[in-house]
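Welcome, and thanks for taking a look at this one with us. Please open the sequence and the structure side by side before reading on.

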Amino acid sequence: MKLSQFKFHLPSELIAQQPTAERDECRLMVVNRRTGEISHQIFKDIINYFDDGDVMVFNDTQVFPALLYGNKEKTGARIEVFLLRELSAENKFWDVLVEPARKIRIGNKLYFGDDESMVAEVIDNTTSRGRTLRFLYDGPHDEFKKRLFSLGKTPLPMYIKREPEASDAENYQTIFASKEGAVVAPAAGLHFSRSLITRLKIKGVKEAFVTIHSGLGAFREIDVEDLTKHRMDSEQMEAGEELVDTVNAAKDAGKNVCAVGTSVLRAIATADSMGGHMKTFSGWTNKFIFPPYDFSVANSLVTNFHLPYSTMLMVACAFGGYELVMKAYEEAVKEGYRFGCYGDAMFII
C-alpha cells in the first residue's frame, strides 16, 4: 500500500487537547469486521462484548517525565531537551533530542533547575537533532534519577498545542503503568478505569500484560510513498511466560483475545508462534504493520482515532480492513469524534 492512501481530512478542532473527565466515559465506536456494521456507544459499554475466560492484553509501560528545559552555558539560551532513553546508568549517559539543535555543539554544558544545580555535557552528536548527554552528578543513581525526573514534564504529543499541566502526569498514564521506559503513552489503555477493570474481573475477563516501551518512532514522519521501504524505530519489549500462558490457554479454549492498543498488537505479532499461539520474547522490535496482514493471535482490538498518515492508523487498517476502517474514520469525522491520545476510542471486533 501507499502512504497517500492514509490521508483523510481531519479538522484541527477534533484533535483532543484535554482528556475526558472520566476515563471510561469517552465515546466508543464499535466496528464489526464480519458484518461491516458501525455502532456508537460509551466506552464503559465495552464490557458487554466480553465473557468469562476472555483475555485483555494491556501494555504496562510507564511514561517518564522526559521533557526538560535547560540553559546553555555562557549565553543562557533556553534549550528544550527530550530524554529518549538511558544509555548507561553508571556513566549517566542519555540519548536525547534538543531544540534548537543548531545552538548545541559537542562540549557545551547545559544547566537545569531553578538553581541550575543539574548539569549535563554534550559528548556526541547522534542525528541532526539528537545528542548524547553526560549528566555530571556525584550521588547514587537512584538519587540522580529522582532528581532528574523532578525537573521533567510529561512529554505530550506535538499535536497537543499547549504546555503540559500538572494533571497530565496522571492523565497521560494508564492505571497499569509499572515499568518505566516509554515517552509515548499506550493511548488505548488510558480509557480503562479501576471500576471498569473491577467489573471486567467480576465477569471473569482475564488481564495479561506485555511491556513495550513506546518511543517517538510511531510519530516519526514517513518520507516514502512505498510503505515497504519504511523502517520503524526499534522499541524494547518483553512478553513473559505469564502473558504467553494466559493467551495460549484462551486460544485453546476458543476465547477472545483482545489487544488493547496498536503497540500491544505489534508486540503480540512480534511474539507470535505456530497455530495462533504466542511465545516468550525479550528484546527489541521494529515490526511495521500495514495492510494486508494476517493476525493469528488477537481477535479484537481497542484503539484510539489516529491522525492521517500515522503508523497507528495503518495498524488499525491492517486489523479491521482498509476500506472498513477508513469508512469508520470518515464517519468519525462526520459525527465529531475526538482524535489523538486524549480522544475517543474504536473497538474492532
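Predicted model: local features only at pLDDT ≥ 70, side-chain atom pairs only at ≥ 80, totals over all residues.

Two packed helices are described by the angle between their axes and the distance between the axes, and that is how the helix pairs are presented here.

**Helix α5 and its buried residues**

- Helix α5 spans residues 262–270, and nine of its nine residues are buried, so α5 is largely enclosed by the rest of the structure.
- The buried residues of α5 are Thr262, Ser263, Val264, Leu265, Arg266, Ala267, Ile268, Ala269 and Thr270.
- Leucine 265 sits in this helix and has a relative accessible area of 1%, so it counts as buried.
- What does leucine 265 touch, leaving aside its neighbours within four places in sequence? Its contacts are Ala259, Phe295, Ala298, Leu301, Val315 and Phe319.
- Leucine 265 and phenylalanine 58 are 207 residues apart along the chain, and their C-alpha atoms are separated by 9.7 Å.

**How α5 packs on α6**

- The axes of α5 and α6 lie 10 Å apart, at an angle of about 65°.
- The crossing of these two helices is left-handed.
- From α5, the residues Thr262, Leu265 and Arg266 take part, and they meet Met312, Val315, Ala316 and Phe319 of α6.
- Sorted by class, the residues of this contact are five nonpolar, one polar and one charged.

**How α6 packs on α7**

- Helix α6 (residues 311–320) and helix α7 (residues 322–334) have axes that come within 6 Å and cross at roughly 125°.
- That angle makes α6 oblique to α7.
- This crossing is right-handed.
- On the α6 side, Leu313, Ala316, Cys317 and Gly320 meet Tyr322, Leu324, Val325, Met326 and Tyr329 of α7.
- The contact of α6 with α7 holds eight nonpolar residues, one polar residue and no charged ones.

- In helix α1 (residues 141–150), the buried residues are Phe144, Lys145, Leu148 and Phe149.
- They cover an arc of only 120° around the axis, so they lie on the same side of α1.
- Which exposed residues are on the face of α1 turned away from its buried side? That face carries Asp142, Lys146 and Ser150.
- The cover over the buried residues of α1 includes the strands β5 (67–72), β6 (78–88), β7 (93–99), β9 (118–125), β10 (130–136) and β11 (179–182).

**Leucine 200 in helix α3**

- Leucine 200 belongs to helix α3 (residues 194–202).
- With 2% relative accessibility, leucine 200 counts as buried.
- Not counting residues up to four places away in sequence, leucine 200 touches Ile47, Met56, Phe192 and Val205.
- Between leucine 200 and glutamate 13 there are 187 residues in sequence and 33 Å in space, C-alpha to C-alpha.

**Backbone geometry to check**

- Most residues other than glycine have a negative phi, and most peptide bonds are trans.
- Proline 292 is placed in the loop between β15 (281–285) and β16 (300–304).
- Lysine 74 has a positive phi, near 70°, in a residue other than glycine.
- This lysine 74 is in the loop between β5 and β6, and its relative accessible area of 85% makes it exposed.
- Lysine 92 also has a positive phi, of about 60°, although it is not a glycine.
- Is lysine 92 buried or exposed? Lysine 92, in the loop between β6 and β7, counts as buried at 9% relative accessibility.

Conventions. Residues numbered from 1 in each chain as written. Heavy atoms only, no water. Axes fitted to C-alpha atoms, helices over the stretch in contact; angles between N-to-C directions. Helix = DSSP H or I, 4+ residues; strand = E, 2+ residues; numbered from the N terminus. Parallel < 35°, antiparallel > 145°, perpendicular 65-115°, else oblique. Left-handed = near helix turned anticlockwise from the far one by under 90°. Contact = heavy atoms within 4.5 Å. Nonpolar A, V, L, I, M, F, W, Y, C, P; charged D, E, K, R; others polar. Buried < 20%, exposed > 50% of the residue type's maximum accessible area, 1.4 Å probe, protein only. Arc of directions from axis to C-beta.
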